[in-house]
Amino acid sequence: MGPESLDIAIKIEGDIVRARGAGRDMCRDLGLSEINQVKVATAISELARNIFHYAKTGNIALRRLGAPRAGIEIIATDKGPGIPDLKLVLSGAYKSKTGMGKGLLGARRLVDFFEVDTGPDRGTRVVLRKYAR
Amino acid sequence: MSRSEDSERARRLDTLEQRFERLRAFGSLRRQLRVTEEVEVIAAAAQEFARDVLHVTHFALYCAEKEESDFDLLSFAPESLGLPRSVERDSPIAKALEEATSTSDSELLSMVGGADFAGAPALALALRASPTQLIGFALVKGDWLDTELLDELVFDVESALAARMITRLRAEELAVLEIQERELVGLLRDVEARDEIIQRDLEEARQFQRKMLGAPPRVDGASIEVIYQPLGLVGGDLYAAAIDGQRLRLFVADATGHGVRASLTTMFIKSGYEAVRLGAPDPAALLAALNDAIAHTYRSSEMLFSAACVDIDLATGRLLISSAAHPPVCVVSGGEARYIEGAGAFLGLRSGMRFQTQEAFIRPGDGVYLYTDGFVEARKQNELFGDDRFREAILDAHRGGQRLAGESVLAAVTAFLDGAPLDDDGTFVGVRYGVVQPSLRTTGDLDAARTTVAP
């Protein structure tokens, strides 16, 4: 059995892969199906990539969820510039040329719970959850 | 006109005015909803509708995206209702919400269940994208009102919300596809990088294996040729030719399988062979000693292989032949080709096995050919090239007098295959006895995929 929770600092590009791998390991431990392991791992690497590209540094925290529903919680935090036009990005109406926002939008589709708090003064905090069943 | 008629008219006028006012308010709300894209704006409009049109102060709007997700509360009033922000799918509230939307054909009548949940008297309003997928749910507490009006609003809110949700879902799915595409490209790059490393490794292994096999020795009184053609870069076949005084000793072995594992086995066989070669007086003794060395040392590694060994006395033309589970040695003598079959079992399984040596004589101009089963068992559809064709090919090649009999045999196999691929490693070692070997020539040097070494 792996750890109950895990903090991964995102500083260099290699940390994205590290966060992804750790998330996938935790999902495997939790008994998530192969396809859901991949979904969570993909969502994590998208968040980690966003941190690396827009905020430069940040943190990915992984936590096991027990009762009432077993699963995994991923909290991505950074002290970056925040996401302008979050509503527009999440509405899917935002036409991005740089691909910005796609990661966030896609990540939401890959998990069961999704929450973003962002602002220029406080950086960005994204909470994802994926339940085991 | 009576006073009662007057008052009746005034009353009706008043009612009409009231209805007109409501319709006007409702009309502007509908217009607003039609141009709305934001879920939050739709929620606010529903809130406005509850307050201004239905004149209720208690309401809640829940929204659910898909079957497995939870309900999110988009708006509610008043705060004192104390409703949870998010309602999990399995919770009693969620169940009440779901039941409320699936109990009756009439959407509004089915809301009674939902209304009960909020406390009577109450009215609930459901929003759906399709009969099976609930995407939104408004719960409004208040008095029963004009059903027709409500039905229209249900339709508008529902359409606006559905359009909004569909846009969002499409955008999300598109984003996921883009992410997956990027991931796939990344994975492909990784695979390509790893493949390059593996190819480089294999190339080094190939060069190593070729060096280990080496070129056959240059001897007086015989010319030796070798074709070594593994299926991949490395193979499970092995050959050796060494001169010791008047004795030319030829050895061919075939480790089961092909590729890297089999090629590693060839290393062990080669090293075992070199260790016992000089101490073995004849081929049978050599195979027995080699078998003992491999089977004893690497018992658990299951290094199974077949082999044939021939000693040629270059002074007398006397052949000593022994083989183990290997294709027969082909001897061309007096214009005829014949197979000399050995009776030995596979090598490497258990130590202590004994082998027989058979004797034959050749004269100058005759030939001895050893090979592995790759060329003999070349297969086109279900037809094997086979022993008979192989023997004829050897005889033709030998009689033709080409210095490279192997090339000629291989050409016959290739013609038979007619484009079909070989499916095993192939090795061919030929000796022409009594032919003075001119300067040693190597065709297809050690760096080529196929190695041909010839006089």
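**Chain B: a working chat**

Modeller: Of the 455 residues of chain B, 47% count as buried, where buried means under 20% relative accessible area with a 1.4 Å probe, protein chains only. This is a predicted model, in which local features need pLDDT of at least 70, side-chain atom pairs count only at pLDDT 80 or more, and totals for chains, interfaces and linings use all residues. Residues are numbered from 1 along each chain as its sequence is written, and chains are lettered from A in the order in which they are written.

Colleague: How many helices and strands are there in chain B?

Modeller: Chain B has 10 helices and 19 strands. Helices (H or I, at least four residues) and strands (E, at least two) are DSSP runs, numbered from the N terminus.

Colleague: What order do the strands of the open sheet have?

Modeller: The five strands follow the order β7-β8-β9-β10-β13 (chain B), with antiparallel pairing; two strands pair if DSSP finds at least two bridges between them.

Colleague: And which strands stand at the edges?

Modeller: β7 (237-244) and β13 (358-361) of chain B do; each has a single partner strand, so one side of each is left without a neighbour in the sheet.

Colleague: Over how many bridges do β8 and β9 of chain B pair?

Modeller: Strand β8 (residues 247-255) and strand β9 (residues 305-313) of chain B share nine bridges in the antiparallel sense. B:Asp254, for example, has B:Ser306 in β9(B) as its bridge partner.

Colleague: Changing topic, which strands does helix α6 of chain B lie across?

Modeller: Helix α6 (residues 259-277) lies across β7, β8 and β9 of chain B, at about 155° to β8(B). Axes are lines fitted to C-alpha atoms, for helices over the stretch in contact (heavy atoms within 4.5 Å), and angles run from 0 to 180 degrees between N-to-C directions.

Terms used: Side-chain values use heavy atoms; hydrogens and water are left out. Buried means under 20% relative accessible area, exposed over 50%, partly exposed in between (1.4 Å probe, protein chains only).
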